[in-house]
Amino acid sequence: MLVIRKALKYGSTVEEVLDIILNSPRTVGLNLMVADKERTVVVELTAYRMLVRKAENAIYSTNQFQDP
Amino acid sequence: MLEVWQSLDPAHHAQGFERVVWFFRNLYARFQFYPVFKWHTPDEYLQEMKGFIIGASRGEDFGTYDIMMSNASQDLALTGQACSAFAAWGEATVDGHLYLGRNLDHSGMIPMAEFQYLAFYNPDQGYPFAVHNYPSHLGTMSGMNSEGIVITSNYSIAVSHETTIFGLP
């Protein structure tokens, strides 16, 4: 997925990566796990919506959205 | 240098009516999906696709249709529902460090799994990054950059009105 490559090229923090993803034209449902030196989040996204899921010590993602 | 001698395209193995179906599917993909994906793809990636095709064909082919559709396989739901990832840190790990793992079990990727590789990019602009990838794929499902950013992706089920082909593949 080219949006991930774009985020790796230009992102240096989780916030920057989320900004790049939010402002890129997207297509299908995806769960992205994004980590930097300080935190890890899961981004649940579709072509039109995006939601960031956070946790205290552990987080996972599979093939469905956890947050309704 | 990678040379693939056997076609992975099911259309090449189809017979009779199946062959007719594949002909129209390819026609639809070529004139409906391809122009849309191409329009949304930045020029730097289109140039890289051209370079990939020219190199792989030894200068005999310049078309980006095949490589674009390969990169759009996930957008067209051809890879299947699979993959998962986890991360643990702080009190969840013995030393408090972050541990992040992911598996790749896309059924649609099985024919290509034998050829998977790691690619290291040093772009003129932006940060150097490394990705796990398959032949012909410019985008990735797992990668890390020099700033310590890690991104992994899992295909997720979404209702049809939340998806579109009008986006970056």
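Colleague: Into which domains is chain B divided?
Modeller: In this predicted model, chain B is divided into two stretches of residues, 10-71 and 84-153. These are, in that order, domain 1 and domain 2.

Colleague: What distance separates the centres of domain 1 and domain 2 of chain B?
Modeller: The centres of domain 1 and domain 2 of chain B are taken over C-alpha atoms. The separation on that basis is 25 Å.

Colleague: Which helix of chain B provides the largest share of the side of domain 1 that touches domain 2?
Modeller: The contact takes 4 residues from domain 2 of chain B and 7 residues from domain 1 of chain B. On the domain 1 side, helix 2 (43-56) and helix 3 (65-71) each supply at least two residues. The largest share is 4 residues, and it comes from helix 2 of chain B.

Colleague: Which strand of chain B gives the most to the side that touches chain A?
Modeller: In the contact between the chains, 41 residues of chain A meet 52 residues of chain B. Strand 1 (84-88), strand 4 (129-133), strand 5 (142-145) and strand 6 (150-155) of chain B each supply at least two residues of that side. With 6 residues, the one that gives the most is strand 6 of chain B.

Colleague: Which residue of strand 1 of chain B is the bridge partner of Tyr60(A)?
Modeller: Strand 4 of chain A, residues 58-61, pairs with strand 1 of chain B in the antiparallel sense over 4 bridges. Within strand 1 of chain B, the bridge partner of Tyr60(A) is Phe86(B).

Terms used
Residues numbered from 1 in each chain as written. Chains lettered and ligands numbered in written order. Predicted model: local features only at pLDDT ≥ 70, side-chain atom pairs only at ≥ 80, totals over all residues. Contact = placed C-beta atoms within 7 Å. Pairing = 2+ DSSP bridges. Domains from an automatic or database assignment.
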